[in-house]
Amino acid sequence: MDKENLKDKELELKNAKSFWYADWSFPLIVGMMSAGVFAGTSMYFNYGTGAFNEVAFVAMLKAGMTGGSYGACAAFGASFLFARILEGSLDGIFDLGGSILTGVGLGIPAILLSMNITAPIKSFPLALLTGGIIGIAIGLIIYGIRHFTLKQANSTFGADIMMGAGNETGRFLGPLIIISAVQASIPIGLGAIIGAVIFYAWKKPITGGAIIGAMIAGLFFPIKV
Amino acid sequence: MHIFTILGESLIIGGLVGLAVGVGAARMFNAPNVQALGAFRTLGEMNASEGDPASHFSFGLGFFFNAWASTVAAGSFTQDVTHRVIPNWAASLLMLKNHREEEMQDPKKMGIASAIVGAVVVTFLNLTSSALPQALQITAVKVLVPAATLLINTVMPVIFWLAAIDGGQRSGIFGTIFGGFAQLIMGNAVPGIVLGILVGKGVEESGWNKITKIILLATILLFVLSAFFRETDLTLLKQLNLNIPMWLKQAHAAFGG
């Protein structure tokens, strides 16, 4: 019991001062995270690799990049960011996936690109800077909400429902990939089926197996664009 | 030249993201006293490994393969890189020495270990995917793009819509209204449904207070503005066989529409 108290006190002391525990350093941590993720999106924009998100979500940005509309991606990302900022400051865990990966990594670039502002995404140093500033701003907003209105609204705003639906969506991708692999060509379809079965037997998500199987088959039996 | 640019940028990105993931994850063990950055699933999964470095490593490895496949195929790391691979591998690195669970609850140690793991993982993923043969990339595009299109345009709206309806009467009503309008205006119902759940659940759990009213207002404003900029109003008037008033045309022209 005494030991416990001592430990608590020690932690409290650490909390107040140390960079690693204090609330004041939180915006900086979010800033680093956002800088990296935003720059990752910049790499995806320039080289086609490096986006920190699910295939399905990144495909929304891709749709905009290949001449379609950025609208779905922008609205999707921005609404996630909005919801997560509220929720994160209330329960103490700021959700990385919805806020930074989807909001900052996809939503904000989509908004900028839809307005024809390409510089912060095309240039790597500018991307780091833009991401960092956005992250610090988000961190400060959370810091503000936490300190001035803490526990005013005791609601999670349905975050659990959204998380549940989000995870459920991911499960659909595996079967959908097999379906479109079969439509691409018979060898690629067979590859996807075999890959998915092996991954399932290994108790891994079948999505990965289906993609690898389809690609190995595509290496030996290439299809034309 | 190209490959060195990718190498350099990947190292910077991996280090930054890794450091933030590590510090954020370690701080989760001290939430809500300390504001953390992470995810509930990460917290649960890291506790489940019970201080065994091998089980942290193999847990991360399973998701690493999935992330690798998806990076090679579509250039997307999946969220698992930040949620699962980096924190679990960093934890296993720290526990190699003394098998103590406290190691992964120390933000400083976790931050440094994660920065190293992050730099290595991100660089590896980007380099292998950019060195990919052409035949593989074509297959990937042919297989993944139709699957992702189906997922985004059909599966996701339906799942979110049903979740909103199952979430209670209020989230069902707001989800259906905003979801329908989002499909009309933005071409995809998901953002509307998400906002509908947000408003519906917020009102259900804490009533009509300042915060829920602001959210509702902001949502409506978002829809009105999106409709204006995507010229949904003009399309509607045309489809109703009505003439577009001059002032509306001018308003659109003023914003470059």
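**View 1. Helices α3 and α5 of chain A in the predicted model, which run roughly parallel to each other.** In this predicted model, helix α3 (residues 55-65) of chain A and helix α5 (residues 96-114) of chain A have axes that come within 11 Å and cross at roughly 10 degrees. Angles under 35 degrees count as roughly parallel, and the two helices are therefore described in that way. On the side of α3(A), the residues that meet the partner helix are Phe57(A), Met60(A), Leu61(A) and Gly64(A), while α5(A) contributes Thr102(A), Leu106(A), Pro109(A), Ala110(A), Leu113(A) and Ser114(A). Sorted by class, this contact of α3(A) with α5(A) has seven nonpolar and three polar residues, and no charged residues.

View 2. When neighbours within four places in sequence are left aside, Leu106(A) is in contact with Thr41(A), Asn53(A), Phe57(A), Met60(A), Leu61(A), Cys73(A) and Gly77(A).

View 3. Along the sequence, the elements of chain A follow the pattern α-α-α-α-β-α-α-α-α-α-α. Of the 225 residues of chain A, 56% count as buried, and among the contacts in chain A with a separation of 6 or more, 64% are accounted for by residues 24 or more positions apart.

**View 4. The contact between chain A and chain B, which takes 81 residues from chain A and 83 residues from chain B.** The elements giving two or more residues to the side of chain A that touches chain B include α2 (26-47), α4 (71-91), α7 (124-148) and α10 (206-220) of chain A, together with α3 and α5 of that chain. The most is given by α8(A), with 14 residues. By class, this side of chain A has 52 nonpolar, 22 polar and seven charged residues.

**View 5. Strand pairing between the chains, in which β1(A) and strand β1 (residues 36-38) of chain B pair in the parallel sense.** The pairing of β1(A) with β1(B) extends over three bridges, and Phe94(A) stands opposite Leu37(B) in β1(B).

**View 6. The two assigned domains of chain B, domain 1 (2-130) and domain 2 (136-254).** The C-alpha centres of domain 1 and domain 2 of chain B lie 34 Å apart.

Terms used: Residues numbered from 1 in each chain as written. Chains lettered and ligands numbered in written order. Predicted model: local features only at pLDDT ≥ 70, side-chain atom pairs only at ≥ 80, totals over all residues. Axes fitted to C-alpha atoms, helices over the stretch in contact; angles between N-to-C directions. Helix = DSSP H or I, 4+ residues; strand = E, 2+ residues; numbered from the N terminus. Parallel < 35°, antiparallel > 145°, perpendicular 65-115°, else oblique. Contact = placed C-beta atoms within 7 Å. Nonpolar A, V, L, I, M, F, W, Y, C, P; charged D, E, K, R; others polar. Domains from an automatic or database assignment. Buried ≥ 20, exposed ≤ 12 C-beta atoms within 10 Å, placed from the backbone. Pairing = 2+ DSSP bridges.
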